[in-house]
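Subject: Structure for your review

Dear colleague,

Please find below the sequence and the structure that I am handing over to you. My findings follow directly after them.

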Amino acid sequence: MVLLEGKDIVKAFGGLTALSNVDFIVQEGEILGLIGPNGAGKTTLFNVITGVYPPTSGTVHFKGKEISSMRPDTISHKGISRTYQLVRTFQGLTVLENTLVGRFFGRRGQTTSDAESMEEVFGLLEFLDIEAKANHLVENLTMADRKKVEIARALATHPKLLLLDEVMAGLNPTELERMIEIIREINKRGITLILIEHQMRAIMNLSQRILVLHHGEKIAEGTPHEVANDPAVIQAYLGD
Amino acid sequence: MQGISNKIKIIFFLIVIAVIAFLPTVTSQYFSVFLYQLFIYMILAISYDILGGYTGYMNLGHSCFFGIGGYTFAILANKNLGLLVSMVGGMGAAACFGLAISYPFFRLRGAYFALANLGLIILLGLLAHNLKPLTGGADGLFIPIPYALSAVYYSSLLLCLLTILLSYRIGKSRFGLALVSIRADEDVANAFGINPYWYKLAALILGAIPASLAGGIFAWALTYINPDSLLGIEIALVPVTMAMLGGTGFVAGPILGSLFISVVQELVWTKLPYLHLAIYGAILILIGLYMPGGLIRTKAFQRTLSRLGLTERLYWYSPKQISGL
Amino acid sequence: MGFLQIVTSGLLLGGVYALAAFGLSICWGVLNILNIAHGEFLMLGALAAYGVYALLGINPFFIVLAIIPIFLAFSFLFEKLLIRPIRGRTETEILVASILVTLGGALLIEDVTAFLWGKSFTGIPYSMISLQVGGVVIPLIRLLILAFILALTWVIHFYLKRSYTGKAIQAITQNREGARIVGINIIRISMITFIIGTSLAAIAGVFYVVLYSMTPYMGLSLTVKYMCIVVLGGLGSLFGSFAGGLILGITESIIGYYVGSDWSPTVAFFALVLILLLRPQGLFGRK
C-alpha cells in the first residue's frame, strides 16, 4: 500500500528553487533512502512533508489524504515524525522529558497514566542504549547521544512514518553498526522509514529503494543496485 | 537523595500558613497592610511567570489584567452588583481581553512581544484617562463597598496560596512540559504535536485570572482608584523585576523575588523618596548582566534548595535510578 | 486649520518619527536586539538641546552639531557596558538579558533625568519667520527641519548604498550567517550601527523638542511607538521603517485634530494591532 505520495512538488524561496517537480512514493513498511550531494534539497523535502512550509506547488498525500497544507502538529498527529540534521533537542530538559514530549503530544488519543508513559518511554531509551542518561540534561550529552534522544522522541509519537535526517553522521564504526541495527529493528516493528544519509554503504545496505536528488530534481529512483550503477547519479557525485 | 521527606515539607508549609493567618491578630495594622501588599505583588509576580517563565514569552504588560480587573470591579461595584459579582466580572473582562490580544500579539516573538504588551499598559492608561464616562478619567472612581482590613488580608492570602498552587501544579504537569518545550524550541514543539498558540493562550489566561482578581482586591482595599494606581509603570514592572530577580520558570523564584524586594522596599523606600524606578532599573541591569537565572539559580541557593529536596528537576524524574545522577 | 496644514505638520512629525524608527530598525537588524532604551536617546537629545539652547540660544541645526560628540560618547559607553557583555550567550539567553538590560537602562535613565531636571521641560520656543504657502501659514523653522531631515535621509541612503559600513549593515540585516562567512566583523559593525542608530534618535529628539514639549518619562512610550512603526513598515525593511514613520506622523496629526489630541498617542498602537491582524509581515517586509 502506498503510504506517502508526493506529486510534482515544487518549492521556491524567492528566486531560489529548492525543489522542482519531485515525484515520489513510499510503500508501507519499506525503508526508502534519500541521497544526493549537499544542497540537493533533501532536508527541504523533509520540511515540506512535515509541514514546516507548504510546497509552492504540487501535493503530498499520506494514506490517501492530502496533507500538503497542514500544520506540523496536525501532521504529527497523523503519524509522521522526524529528526533533524542539526540536532534540535529541547535544551533545558532532560532526556526523559524530551522523549515524553513526543509521547504526550505527538499523537492524539494516547492517554495513559504518567507511570505507564514513563515506563514506555524508559523502554524506548533502553532500546536506544541511553537509559542511563534519562535524568541528564540534553546539553550535557554527546552529539551521538543527542541524536538518539531525537530518535527516541520521534519514536515516542508512535509514528507510522519516520523521517531520519543524517542520523549516522559523525558516528564511529561501532556506533554506526549499532545504529544500522536500531534502524532495522524500528522497521521490523512496522514503521516505514525515509533516511537521508551520506553514509553510502549503510544506506545501500538498509534501503529497499533509493531516491536521488540533485539541484532539487529527482535524477534517479530504484533499487540500491540500479541507483549505484546509474550514470546520472555517478555524474552528480563526481562531476560536482 | 530526595532531601527531607514530603510529609515534613507539607507540615512545615501548613505551619507557616497558620502563622501568617494568625499574624493580624497580634501585629500592628501597618504590618498587616505591608503583608497584604506583599501578597498582591507575589500574586502578580507568580502569575506573570506562568507565561513569562514557562514559555519564555515575557509579557511586560501583564499588569493589564490587574488594571482591567480592578477597573471592571470598580465599575461594576458602582452599579451595585456587590463584591462577588464585581470580582468575577473583573476576571471575565480580563480573560476576554487576554483572548482578544492573543490573536494579533502572539504573532510577535521575543522582544517585540514584550514591548508591544508594555505598550498595552500605556494604551490602557490613555483609555482610562480618555473614557471619562466609564472610568472617571483622571479623577478616577470610588468603590462603594466598605473596606475591612481583615477581609482584604485573608482574601489576598487565599488568592496568593491558590496562585502558588496553580503555578506549582502547572510546573509538574504535562501542560507545563508543553510550555517549557515551547520555550526551548517553539518550531520543534510544533512538529511534535503541540499547537503553540493554544498553549500560549492557555498560559496567558491562567496568568490573567489571578492577576485580575488581585486587581479587584487591591481596588477594594484602596477604595479609590485612578489610572496611576492600577496602570502605572511601577505596578507594571515591579512584578516582572521580582520574578526575574527571584528566578524565572520555577514557582519558588517569584516567591523569593517578591519577598526580597518587598522587604528591601520597606526598609529603603522611606529613606529615599525618589529614584524608585531608577533602582528597579539598576536591579534589572544587574540581573541581566550577572544573574539572568535569578537568585534561585545561584550556587548558594541551589545547595539550600536541593538539601530541602526542592530542585527544579521535580517534574519528570525517572524512578529507575541508574548510575550517573 | 486647513487640511494641508495638518498634513504638513504631520509630515514633519512623521519625519522625526521616521528618523528615530530608522535608527531602531538598523540597530535591531544588526544587533538582533530590540533596544528598549531607544526612546531615551531621543529624550536625552531633546534634553541636551534644551540645555544648549538655554545656554547659548543657537538654532537647532547648530545644536545638533554641538551635541553629536556627546552622544557618540554616550552611545559608545552604553553599548560597551550593557550590550557587549551579553553578546556571547545563546539566543534565548540574549533575548532575556537584552530585555532586562535595555529596559533597566531605560528606567534608570528616565528616573535619574527626572530627578535631576524636574518632572517636565517644555519645548524650545525657537521661532523664525513664518511663510505663507498657498494660503497656509507654515513657520519657516518647520520647513527647514523637514528639509534637513530629507537631506539627512538622502545622506543615509547614500551611506548605506556606497560605504563599506553601510553595505555591511545591509548585509548583516539580510543574512547574518552569510555576512559572517564573507568576513564582516559583526562586533565592530554592531558598535558603529548602535552609535549611528541612537544618534539618529538623539537628532530626532532635538527637532522634536523644537516642535513639542517633552517629559523625562516619555522614553518608554516613544520606544513602543517606534517599535510599532518598525513592525508596521516590516521587520528587516529599512525603507519600511522610514515610510511607516511618515505614515504614522500624518495619521496622528489627522486624528489629533479631528478626534482629539488625547487620542493621537493611541494611533500607533491601533496601527500595530491592525497590521498584525491583516498583514503580519508589515507593509514592506518579507515573510
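How far apart are the nearest C-alpha atoms of chain A and chain C, which do not touch? In this predicted model, the distance between those atoms is 10 Å.

Contacts between chains. There are 2 pairs of chains in contact, and chains B and C are the pair that shares the most contacts. On this interface, 33 residues of chain B meet 40 residues of chain C. Three helices of chain C, namely α4 (91-117), α9 (218-233) and α11 (264-278), each contribute at least two residues to the side that touches chain B. The greatest contribution to that side comes from α4(C), with 19 residues. As to composition, the side of chain C that touches chain B consists of 29 nonpolar, 7 polar and 4 charged residues.

Chain A. This chain contains 10 strands and 9 helices. Its C-alpha trace extends over about 50 × 40 × 35 Å along the principal axes. The radius of gyration of chain A is 18 Å, which agrees with a compact globule, because a globule of 240 residues would have a value near 18 Å. Of the 240 residues in chain A, 48% are buried. Among the contacts in chain A with a separation of 6 or more, 66% are between residues 24 or more positions apart.

With kind regards

Note on methods: Residues numbered from 1 in each chain as written. Chains lettered and ligands numbered in written order. Predicted model: local features only at pLDDT ≥ 70, side-chain atom pairs only at ≥ 80, totals over all residues. Contact = placed C-beta atoms within 7 Å. Helix = DSSP H or I, 4+ residues; strand = E, 2+ residues; numbered from the N terminus. Nonpolar A, V, L, I, M, F, W, Y, C, P; charged D, E, K, R; others polar. Rg over C-alpha atoms; globule rule 2.2 N^0.38 Å. Buried ≥ 20, exposed ≤ 12 C-beta atoms within 10 Å, placed from the backbone.
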